[in-house]
Amino acid sequence: MFLHQAPACRGTLGSLLVAAFLALASIALGAPRALAQEPPLPAGSEAPALTLPTLANGLQRLDALRDKIVLVHFFATWCEPCREEMAGLARLVARMQDRPFAVLAIDIGEPELRVRRFFENAPVPFPILLDEDRATMKAWQVAVLPTSFVLDRSHRVRLYAGGPVDWDDPAAAHRLESLELESQNPASAPLDGTLPPLND
């Protein structure tokens, strides 16, 4: 598993080649193989506002999901660990379908057509949001892809992973269940925690 710096490209062929080169260079140079553990947003802080267009041609607002645990996931289609993690996120949503839980997957800096083509071949059961100008990425202080934040029902930041997560790991399910139980008993779960890394 390798951490990938958020791309500086806007989706042109030349800049995509630069992004691919930088990703390969990070592998060749022995980039860190552990998740970035320090959250850019303090644990317990209110999540930044989020309103973005979706591939379904509507707007998605984070505050429309109040009273749900929300997993906010930043990714790009060119990022191999991001692509690998998508299947795990889809299985997680299937397991959590009867619970107050939602996933918002945010594509960073890519043209809508490229993202749409990717998901036509690999559909997922959660909304794909488009952050083409990277304003949301900056507001959430995302530095690596993929990055995930788990918010409690009040939309406070509770869990963070800077790198791919194994959403099939029982430890991930336990952390999410703890947040769900906490809504019934505030003393039942710690304020924050870690998520299990996805092995390469």
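This is a predicted model: local features need pLDDT of at least 70, side-chain atom pairs count only at pLDDT 80 or more; totals for chains, interfaces and linings use all residues.
Helices and strands here are DSSP runs, numbered from the N terminus.

**Exercise 1. Find where Ala-43 is located, and decide whether Ala-43 is buried, partly exposed or exposed.**

Step 1: Look between α1 (13–28) and β2 (51–53); Ala-43 is in the loop there.
Step 2: Partly exposed covers the range between under 20% (buried) and over 50% (exposed) relative accessible area.
Step 3: Ala-43 has 29% relative accessibility, so Ala-43 counts as partly exposed.

**Exercise 2. Work out the strand order of the open five-stranded sheet, and say which strands stand at the edges.**

Step 1: Read across the sheet, and you get β6-β5-β4-β8-β9, with mixed pairing.
Step 2: β6 and β9 each have a single partner strand, so one side of each lacks a neighbour in the sheet, and these two are the edges.
Step 3: From one strand to the next, the twist averages 20 degrees.
Step 4: Zoom in on β4 and β8, which are antiparallel and joined by five bridges. Opposite Ser-148 in β8 you will find His-73.

**Exercise 3. Describe the largest nonpolar core and name the element that gives the largest share.**

Step 1: The core holds 51 residues, and Phe-74 and Trp-140 are among those with the most contacts inside it.
Step 2: β5 gives the largest share, seven residues.

Terms used: Residues are numbered from 1 along each chain as its sequence is written. Side-chain values use heavy atoms; hydrogens and water are left out. Helices (H or I, at least four residues) and strands (E, at least two) are DSSP runs, numbered from the N terminus. Buried means under 20% relative accessible area, exposed over 50%, partly exposed in between (1.4 Å probe, protein chains only). A nonpolar core is a set of buried Ala, Val, Leu, Ile, Met, Phe, Trp, Tyr and Cys residues joined through side-chain atoms within 4.5 Å. Two strands pair if DSSP finds at least two bridges between them. Axes are lines fitted to C-alpha atoms, for helices over the stretch in contact, and angles run from 0 to 180 degrees between N-to-C directions.
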